[in-house]
Amino acid sequence: MSFVFYDTETTGLKKGFDQIVQFAAILTDAELNELDRFDLRCRIQPHVIPHPKAMLSNRLSIERLTDPALPSHYEMVCDLRWRLGQWGKAIYVGYNSIRFDEEMLRHALFQSLFPAYLTSTPGCGRADAMHIVLAACADATPCLTLAAGENGRPTFRLEAVATANGIDLGPAHDALTDAETTLALCRRVADGAPEIWSRFIRTANKTAVNDLVESEPVFVLTEFFGFQATHRHVTCVARETGNPNGRLCWDLGVDPVEAASHSEDALIDLVARPDGPLRRLRINAGPAIAMTWDAPPAWNPGDVGEAEQRADWLRENSDFGTRLAAIQAAHWASRDPSPHVELQLYNGFPDDADQALMADFHKVGKADRRRLIDRFTDSRVQVFSRRLLHAEYRSAFSEADRHDADRDLAERLLVDRGGPLTLPAALASARENLLANDGVQELMSGYEVWLKARIAKVQRYLAEPV
């Protein structure tokens, strides 16, 4: 078994719209001895506008982000995919990675016409080091400590945890430094609390998670909201409709007998609440779960005996679980699909023919790529392949096609349609951050100049006769 510790730096937090600008990874053996590493960077894509807050976080200037000497985003994605493929099957570990870094990686792969689920292919596992840190800090004899955040409560932010434990490997918000820091924290846990390390590595395997979730009447589920942990006694009540890896669990702090007596509308309102009793768990996403007898005392949120009684009632009344699954399925089915192709990653897989064409896309010359993109039937792949070819080999298109693509890009950069960050919105945010933060004048002033120049250029282009 090997591990891949990885991290990303991005242009912002909008999954599907923002992009990775740095990807770093470290390969280790089962004992966490380093075997290999790489650190890749790229320039921004023509349709991506960096968010000023992301630039302040990673301290990357617009000159650095647009450096023509850097590889393109597509070139970087091709490189990282090849390197990770050379390392073979592994457990992928990041810090808060399941919710963010892995999502950014999936979108980067899919928008570059690669299979999106690299980290969850057969033989791979996924674990979130933030969950491991939480467990280590909650142990009766903790091997890690937490610092207090600005509100006085403990914070799980990577840089704060590292500082509190005397780990200083370099400036935070650099992908390689953050991957090194994540590895260092995991080594502390593996050495100081091996039983915690073993427990969380088991949850990286979806078969082991599934066995626990479906066999244990009561277990502890930990969820994170803004780096704050919430622990619940739960029991699995149903499998999620249409998702073989989804499990629906009931928060046993809420009486299921009373909930079952609700009218249909009242029950729908109850379970639709973000903090409601119906919790969605993915067995393939390294969930933070533990058996009640194995969890640290701080994790058990209430009376275990009462939780067991409620779990027994739910198992004896499985029709309530069926009812909950139907409500949840209807809730998701009733949601309108996003009009933005960038937010349609989870709208199913491209068919076999399109997947074969996607593989061919990376093997042929630009003229052949132009002919290939007309054969895609998946609307998402059609958009991404045209955008990719326009950015990488615009000469492959006819003059009329180039003009259409240029105009679409110009309108995307100026007109707010509720999706990507626009140039005017970025300019307003840059000015706001320039006024609100000391010591960022050079970074934000340079970005403001670049934004104004690009806005003027795009406006001139749109004003030209069609």
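**Exercise 1. At what angle do helix α7 (residues 175-192) and helix α8 (residues 194-202) pack, and which residues meet?**

Step 1: the angle is about 120°, and the axes of α7 and α8 are 5 Å apart. Axes here are lines fitted to C-alpha atoms, for helices over the stretch in contact, with angles from 0 to 180 degrees between N-to-C directions. Helices are DSSP runs (H or I, at least four residues), numbered from the N terminus.

A quick word on the model: it's predicted, so local features need pLDDT of at least 70 and side-chain atom pairs count only at pLDDT 80 or more, while totals for chains, interfaces and linings use all residues. Residues are numbered from 1 along each chain as its sequence is written, and side-chain values use heavy atoms, leaving out hydrogens and water.

Step 2: look for contacts (heavy atoms within 4.5 Å). On the α7 side you'll find Cys186, Val189, Ala190, Asp191 and Gly192, and they meet Pro194, Ile196 and Trp197 of α8.

Step 3: sort these residues by class, which gives 6 nonpolar, 1 polar and 1 charged. Ala, Val, Leu, Ile, Met, Phe, Trp, Tyr, Cys and Pro go down as nonpolar, Asp, Glu, Lys and Arg as charged, and the others, Gly among them, as polar.

**Exercise 2. Describe how helix α3 (residues 73-87) packs with α4.**

Step 1: their axes are 10 Å apart, at an angle of about 110°. That makes α3 roughly perpendicular to α4 (65 to 115 degrees).

Step 2: α3 brings His73, Val77, Leu80 and Arg81 to the contact, and α4 brings Leu105, Ala108 and Leu109. The tally is 5 nonpolar, 1 polar and 1 charged.

**Exercise 3. Work out the relative direction of helix α14 (residues 352-361) and helix α15 (residues 366-373).**

Step 1: the two axes come within 10 Å and cross at roughly 165°. So α14 and α15 are roughly antiparallel (over 145 degrees).

Step 2: pick out the contact, where Leu357, Asp360 and Phe361 of α14 meet Arg369, Leu372 and Ile373 of α15. That's 4 nonpolar and 2 charged residues, with no polar ones.

**Exercise 4. How many cavities of 30 Å³ or more does the structure hold, and which residues line them?**

Step 1: there are 2 of them. A cavity is a set of points on a 1 Å grid over the protein atoms alone where a 1.4 Å probe fits but cannot get out, and lining residues have an atom within 4 Å of a point.

Step 2: take the largest cavity, with a volume of about 70 Å³. Volume is the space filled by probe spheres set on the points, which are joined across faces, edges and corners. Its lining includes Gly16, Phe17, Gln45, His73 and Ala108. Helix α4 (residues 97-111) supplies the largest share, 4 residues. By class, the lining has 4 nonpolar, 6 polar and 1 charged.

Step 3: move to the second largest cavity, of about 50 Å³. Val21, Arg41, Cys42, Leu60, Arg64, Leu65 and Leu70 line it. This lining divides into 5 nonpolar, no polar and 2 charged.

**Exercise 5. Where is the place of Leu434, and what does Leu434 touch?**

Step 1: find Leu434 in helix α18 (residues 423-436).

Step 2: leave out residues up to four places away in sequence, and Leu434 touches Val440, Gln441, Met444, Ser445 and Glu448.

Key
Helices (H or I, at least four residues) and strands (E, at least two) are DSSP runs, numbered from the N terminus. Angles under 35 degrees count as roughly parallel, over 145 as roughly antiparallel, 65 to 115 as roughly perpendicular and the rest as oblique. On a 1 Å grid over the protein atoms alone, a cavity is a set of points where a 1.4 Å probe fits but cannot get out, and a pocket is an open set with protein on both sides within 12 Å along at least five of seven lines; lining residues have an atom within 4 Å of a point.
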